[in-house]
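Biologist: I'm new to this one. Can you put it up and walk me through it?

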Amino acid sequence: MGKFHPSIHKSHQEFIEKQHLFFVSTAPLNPDGHINLSPKGLDCFRVLSENKVAYMDLISSGNETSAHTLENGRITFMFCSFDPNPLILRLYGKGFTVLPSSDEWATYAPHFTIYPSTRQIIVADINLVQTSCGFGVPEFEYKGERSIHFDWAEKKGESGLAEYIQKNNLTSLDGLPSNLGLAPK
């Protein structure tokens with residue numbers, strides 16, 4: 001049976017900090033639009049307060065989270081335990097994108113390791129926390145992070161990464177603009 005909380009408790013934060021993987025989900029308002037569900041690794045998620053979280057987002061093949069939160073703000077994060085102590089934790093809220101060129105960057109960036117391929121920080125105000133048993137989630141062992149993204153980014157270089165963003169990260173699958181697509185050039 002799920003339990004609901006109006007904010008992130010200390011035990012929730014401790015659980016989040018132990019996880020090597022989380023999922024972020026957003027959706028456009030259009031009922032025919034594509035729902036986005038993305039896995040995230042690295043040490044890139046931070047609980048900033050009882051009702052505010054953020055994660056450092058790397059350049060990738062799409063930018064659905066930014067486009068969807070720009071349109072409607074809705075965002076859900078899910079953490080689940082793969083160790084012997086099962087638990088699923090969801091954070092529901094309203095999200096927004098902070099770009100390196102924005103005034104807010106100085107507020108959020110110090111919480112993270114910023115890489116040459118960091119494209120933005122996604123921040124969310126959390127209004128509901130849900131925990132549930134997770135009894136159906138299998139056990140897995142964590143082996144480590146992959147270096148593939150960083151190898152790719154190094155080969156691309158600064159100009160190659162900028163070109164990749166221009167080609168792949170300015171709109172969503174459904175044509176919604178992302179914050180990067182609206183940012184001054």
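Predicted model: local features only at pLDDT ≥ 70, side-chain atom pairs only at ≥ 80, totals over all residues.

Biologist: Rings first. How many aromatic pairs are there?

Modeller: The count comes to 11 aromatic pairs. Take Phe82 and Phe140. Their ring centres are 5.8 Å apart and their planes sit at 70 degrees, so the pair is edge-to-face.

Biologist: Where do Phe82 and Phe140 lie?

Modeller: Phe82 is in the loop between strand S6 (74-80) and strand S7 (88-98). Phe140 is in the loop between strand S8 (118-132) and helix H4 (148-168). The pair therefore ties together parts that are 58 residues apart in sequence.

Biologist: Is Phe140 buried or exposed?

Modeller: Phe140 counts as exposed, at 56% relative accessibility. Phe82 is partly exposed, with a relative accessible area of 23%.

Biologist: What about Trp152 and Tyr164, how do their rings sit?

Modeller: Their centres are 5.0 Å apart and their planes are at 80 degrees, so that pair is edge-to-face. Trp152 is partly exposed, at 27% relative accessible area.

Biologist: Which residues form an aromatic cluster?

Modeller: Phe22, Phe45, Tyr55, Phe77 and Phe79 form one.

Biologist: New topic. How do strands S4 and S5 pair?

Modeller: In the antiparallel sense, over 4 bridges. S4 covers residues 45-49 and S5 covers residues 52-58. Together they form a hairpin, with 2 residues between them. Ser49 stands opposite Lys52 in S5.

Biologist: Now Ser38. Where is Ser38?

Modeller: Ser38 lies in strand S3, residues 36-40. Ser38 is buried, with a relative accessible area of 15%.

Biologist: What does Ser38 touch?

Modeller: Leaving out residues up to four places away in sequence, Ser38 touches Phe22, Phe23 and Val24. Its side chain also has a polar contact of 3.2 Å with the side chain of Asn36.

Biologist: And how far apart are Ser38 and Cys80?

Modeller: In sequence, 42 residues. In space, 14 Å from C-alpha to C-alpha.

Biologist: Next, Asn63. Buried or exposed?

Modeller: Asn63 is buried, with a relative accessible area of 2%. Asn63 is found in the loop between S5 and helix H2 (64-71).

Biologist: Which side chain makes a polar contact with that of Asn63?

Modeller: The side chain of Ser178, at 3.4 Å. Beyond residues up to four places away in sequence, Asn63 touches Asp57, Arg119, Gln120, Asn169, Ser178 and Leu180.

Biologist: Which residues does Ser117 touch?

Modeller: With residues up to four places away in sequence not counted, the list is Asp57, Leu58, Ile59, His149, Phe150, Ala153 and Leu161.

Biologist: Which of them lie nearest its centre?

Modeller: Leu21, Pro39, Lys40, Gly41 and Leu42.

Biologist: And which elements supply the lining?

Modeller: S3, S5, H2, S8 and H4 each supply at least two residues of the lining of the largest pocket.

How values were computed: Residues numbered from 1 in each chain as written. Heavy atoms only, no water. Phe/Tyr/Trp six-rings, centres within 6.5 Å; stacked < 30°, edge-to-face > 60°. Buried < 20%, exposed > 50% of the residue type's maximum accessible area, 1.4 Å probe, protein only. Contact = heavy atoms within 4.5 Å. Polar contact = N/O pair within 3.5 Å; in protein donor to acceptor, adjacent residues only side chain to side chain. Pairing = 2+ DSSP bridges. 1 Å grid on protein atoms, 1.4 Å probe; cavity = no way out; pocket = protein on both sides within 12 Å on 5 of 7 lines; lining within 4 Å.
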